[in-house]
Amino acid sequence: MSNLFENLPYSLNNEFRGYLVYNFKTLNQDRLIAQQRVDEHKNQELKAHTSKQIDHNGKPLSETVNVLTGRVDNQIWGASKNSSAEVKDIRVGMDGQVHDLAQDRLMQDFAKIDEVAKQADDMAQKHEGQIKKSAYYNEITYVSGRKFDTTYKIVHIPYRDSDGNIIKIRKGVSGSNPSKPDHITPRDFAKNTSATFVANASTGSASQLKLHGQQIYNGQILASVKDYEPLKDRWTLAMADDNTLTSFPPNITAEEIKAKGYNNTFSGFGPMIMEGKKVYNTGDYSVNSEESHPRTVIAQLPNKDTLIFTCDGRIPGNLLHQKGMTLNEVTETLYSYYGEIQFAYNLDGGGSSSAVLRSRMLNKPSDNNSKSERKVLDFIYVGKDPRQIRDKDIQKAYEDIGDLRSNFNFLYGLLTTWNEIGSNELRLTTYNQYTGLVAMDGKNAKKKFYMQPNEFRFWDYDTSRTWFRVTEDSMQLHNRELARKFSAPESVKDCNNLSAGGDYHVPKTAKGSPYPNQSSAIVTQYNVTYSDFEDAATAFQTAVPFARSQNYRMKRRTYSEGKWSQWFDV
């Protein structure tokens, strides 16, 4: 029979209605099944009870029937109708012992046979039970949603499994020295332990390979980093052997926590809810508490069911945008699913946030531009010991699925935060008048750098104008030709057809020279109206002679109505 939802949200919303509908449907279904079984037992089951189940004078009816059957069978007649040898032989038991009565011998042999049969039945029942058991805790489920521009997952770990046994929450470390554990990812830890569920837990020092704060592992107090300045504001998470969670302020040592009966601790940031009340105040534990980041939070309901909340974050973009959450936003999200929460604590988050269920990463990693899972030093996990070779096969299959999911996450990271290229060039394989790179603001194109066959061009979408253009022999800014200003001005043979403004060396033999056959000059041209001389309504030139004589003066002339004027002295 299915379990009913007990912890309903405070809000009368669709979530609340869904829980009620599920509960009523489950109750009706279970009632019909129970009634059907009673009717079948009363009217259809001809062999509903065995003789072992029926009491007769204080002992099972089967034993009385067996005795009577034995007494009848003891009336043995040989070929001579009176064989004393055969009657004597029937009193010899399976082990060779001779009994006074054949009944005694049969009762002892039947008891031995019954014991062997019972052992075989117990073995068969145990094997059948193992076959029915899953390699994982299938009671562990999760829900996903999106709130505050962020995708989140809430993993629900019931206090007891379907057989009524406690689903133990454990602290995990990898390696032979818990005080200096191996640095591995939660998914690798799940592979190594065949765990049903794994999440990251404490903060720590990757350089020292030591956990932060007050650390206890299965009753052993660990050597840890305690002189890290931010730890003065952080609380310790403690877990009892029956999964009960609580938290202790920064001044309480591991020795004091262990003396109170707690054998496992974690160092995150601090509690958000204690004894059913919200205790987090804005700015507690860290400046990051009020910033949007990926989060990992462990929570517990009044019935000791445990929740692990993870959310994505630090992924900019449009459709794939993941903002991350503040601690207040996490609390609000949890309360939208559960009306009563006994305890909640903020674990290490950011790039460390990881939730792995049956070897599958539920959240999106945010390390290395969302392409890699971060290695951490300890874990919160739930797992079963494998019972059969089949369990290993099932777990290996889930690991393969997890590996495939990891490859997808890498591609997801490339897609969402593509901001670097491991190459010295970027190749666009289509080359035409539209080839270029576009800068986007969400869905809106803002700028485009065109790389066309005949020019480079920088286009602004807001003004619908080309801001800058470069061709083989010219440059324009805001549709105006840039002057050709060189430290060594180019020499021209025709001063009457200079298309671009700028400085030019005009020999004395050039057409339109200001000093024909007398002196070369530096001529500066200005196109007044348009960017190109052919479109210009007006233009003018000034000239400075090279001749070393006071007889040569600067000159000027203007262009109007399609022709140049004569040169005038300045």
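Predicted model: local features only at pLDDT ≥ 70, side-chain atom pairs only at ≥ 80, totals over all residues.
## A buried asparagine, a pocket between domains and some strands

Residues are numbered from 1 along each chain as its sequence is written, and side-chain values use heavy atoms, with hydrogens and water left out.

**Around N243**

- N243 isn't a glycine, yet its phi is positive, at about 80°.
- You'll find N243 in the loop between β11 and β12 (helices are DSSP runs of H or I with at least four residues, strands are runs of E with at least two, and both are numbered from the N terminus).
- I166 and N243 sit 77 residues apart in sequence, but their C-alpha atoms are 8.8 Å apart in space.
- I166 belongs to the loop between β4 and β5 (170-172), and at 34% relative accessibility I166 is partly exposed.

**The three-stranded sheet**

- The strands on either side of that N243 loop are part of an open sheet of three strands, in the order β12-β11-β13, with antiparallel pairing (two strands pair if DSSP finds at least two bridges between them).
- β12 (245-248) and β13 (264-267) are the edge strands, each pairing on one side only.
- From one strand to the next, the twist averages 30° (axes are lines fitted to C-alpha atoms, for helices over the stretch in contact, and angles run from 0 to 180 degrees between N-to-C directions).
- β11 (residues 236-239) pairs with β12 over four bridges, in the antiparallel sense, and T236 stands opposite F248 in β12.

**Another positive phi**

- R314 is also a residue other than glycine with a positive phi, here near 60°.
- R314 lies in the loop between β17 (306-311) and α7 (327-335), and its relative accessibility of 41% makes R314 partly exposed.

**The largest pocket**

- About 790 Å³ of space lies in the largest pocket. On a 1 Å grid over the protein atoms alone, a cavity is a set of points where a 1.4 Å probe fits but cannot get out, while a pocket is an open set with protein on both sides within 12 Å along at least five of seven lines. Grid points are joined across faces, edges and corners, and the volume is the space filled by probe spheres set on the points.
- Its lining has 26 residues, with N3, L4, H156, P158 and D305 nearest the centre (lining residues have an atom within 4 Å of a point).
- The elements giving two or more residues to the lining are α1 (14-43), β3 (141-147) and β4 (150-157).
- By class, the lining has 13 nonpolar, seven polar and six charged residues (Ala, Val, Leu, Ile, Met, Phe, Trp, Tyr, Cys and Pro count as nonpolar, Asp, Glu, Lys and Arg as charged, and the others, Gly among them, as polar).
- The pocket lies between domain 1 (1-44) and domain 3 (141-415), because both give residues to its lining (domain bounds come from an automatic or database domain assignment).

**Strand β29 and its partners**

- β29 (residues 502-506) is mostly covered, with four of its five residues buried.
- β28 (residues 490-491) runs parallel to β29 and is joined to it by two bridges, with S491 opposite H505.
- β30 (residues 521-527) runs antiparallel to β29, with five bridges between them, and there H505 stands opposite I522.

Terms used: Buried < 20%, exposed > 50% of the residue type's maximum accessible area, 1.4 Å probe, protein only.
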